[in-house]
Amino acid sequence: MDSLRLIEQWPVPHAAAAVVGADGTVRATHGDTARVFPLASVTKLLTAYAALVAVEEGAVELDTPAGPEGATIRHLLAHTAGLAFNEHKVQAPPGERRLYSSSGYEQLADALAEHSGIPFGEYLTEGVLTPLGMTSTTLTGSPGAGADSTVDDLTRFAAELFTPKLIARSTLDEATQVQFPGLNGVLPGLGHQKPNDWGLGFELRDGKSPHWTGANSSPRTFGHFGQSGTFLWVDPDAGAACIALTDRDFGPWAVEAWPAFTDAVLADL
């Protein structure tokens with residue numbers, strides 16, 4: 001896929017990318033796909049998936065109380081618990097606003113550890129990383145933004161998002177549907193969105209503009225990007241997922257480059 005060569009034009013020290021088909025096969029790669037990059041907020045996808053595994057195992061339910069008073073696992077996953085971005089400070093009642101919150105994912109991890117009796121890092125490794133063969137992925141910091149990984153590992157995670165083996169298909173379907181519809185909020189780095197739709201950990205493309213995916217991405221596209229210059233999206237209508245990891249922080253360069261790159265990938269498909 002010639003489109004992946006566009007990462008060579010990005011103003012970043014290092015970059016790697018891959019496209020995964022709906023059957024889980026890696027369609028194409030470019031760059032050093034074994035290089036370890038900090039994921040930043042792409043970490044939230046892994047933390048959210050561990051939470052979904054915990055739901056499947058009966059350790060918690062989506063509506064188990066967690067986080068601020070009145071909030072639940074579902075609120076924390078969907079950024080509606082009312083917590084501040086990076087502070088454990090309540091800014092709104094649960095369910096009223098879409099307040100993107102890394103601290104919420106720290107409280108989510110604390111709740112999972114409390115209910116399962118297993119430290120969250122171990123739960124993530126045992127429940128998600130090891131079963132998927134993600135041997136180069138580690139959680140070294142916050143469950144909201146502190147994992148390191150490789151493109152190779154994330155292709156395995158992307159394959160799971162097409163054909164889930166760790167959770168039921170119905171659970172994944174719910175996770176990629178709007179939770180608390182109609183809430184407005186800020187999509188970090190891209191401004192206020194009305195509405196700012198989110199699933200259970202997965203940011204939803206819907207009709208958002210501007211957005212970090214492409215103009216031709218289907219509304220059903222879901223995924224996440226990270227402040228470290230990383231992203232993973234899954235477009236069910238295109239039957240493909242794409243991962244790109246870099247070592248330059250997200251900024252105007254990414255706002256310009258990523259949508260064009262995504263549209264080129266979709267055209268290649």
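The expected span here is 1.5 Å times one less than the number of residues. Helices (H or I, at least four residues) and strands (E, at least two) are DSSP runs, numbered from the N terminus. Keep in mind that this is a predicted model, where local features need pLDDT of at least 70 and side-chain atom pairs count only at pLDDT 80 or more, while totals for chains, interfaces and linings use all residues. Residues are numbered from 1 along each chain as its sequence is written, and side-chain values use heavy atoms, with hydrogens and water left out.

Back to α1: 12 of its 15 residues are buried, so to speak mostly covered (buried means under 20% relative accessible area, exposed over 50%, partly exposed in between, with a 1.4 Å probe and protein chains only). Among the buried ones are T43, Y49 and V53.

What does α1 pack against? Its partner is α3 (residues 102-116), at an angle of about 30° and with the axes 11 Å apart. That makes α1 roughly parallel to α3 (angles under 35 degrees count as roughly parallel, over 145 as roughly antiparallel, 65 to 115 as roughly perpendicular and the rest as oblique). Axes are lines fitted to C-alpha atoms, for helices over the stretch in contact, and angles run from 0 to 180 degrees between N-to-C directions. On the α1 side, K44, T47, A48, A50, A51 and A54 meet S102, Y105, L108 and L112 of α3, where contact means heavy atoms within 4.5 Å.

Now for the sheet. Six strands make an open, antiparallel sheet in the order β2-β1-β11-β10-β9-β8; two strands pair if DSSP finds at least two bridges between them. β2 (26-31) and β8 (203-204) stand at the edges with a single partner strand each, so one side of each has no neighbour in the sheet. β1 (residues 15-21) pairs with β2 over five bridges, and A17 has H30 in β2 as its bridge partner.

Helix α7 packs on this sheet, its direction making about 35° with that of β10.

| Strand | Residues |
|---|---|
| β9 | 222-226 |
| β10 | 230-235 |
| β11 | 240-246 |

β1 is touched as well. With 17 residues, α7 reaches 25 Å from its first C-alpha to its last, close to the 24 Å expected. Its buried residues include W253, W258 and F261.
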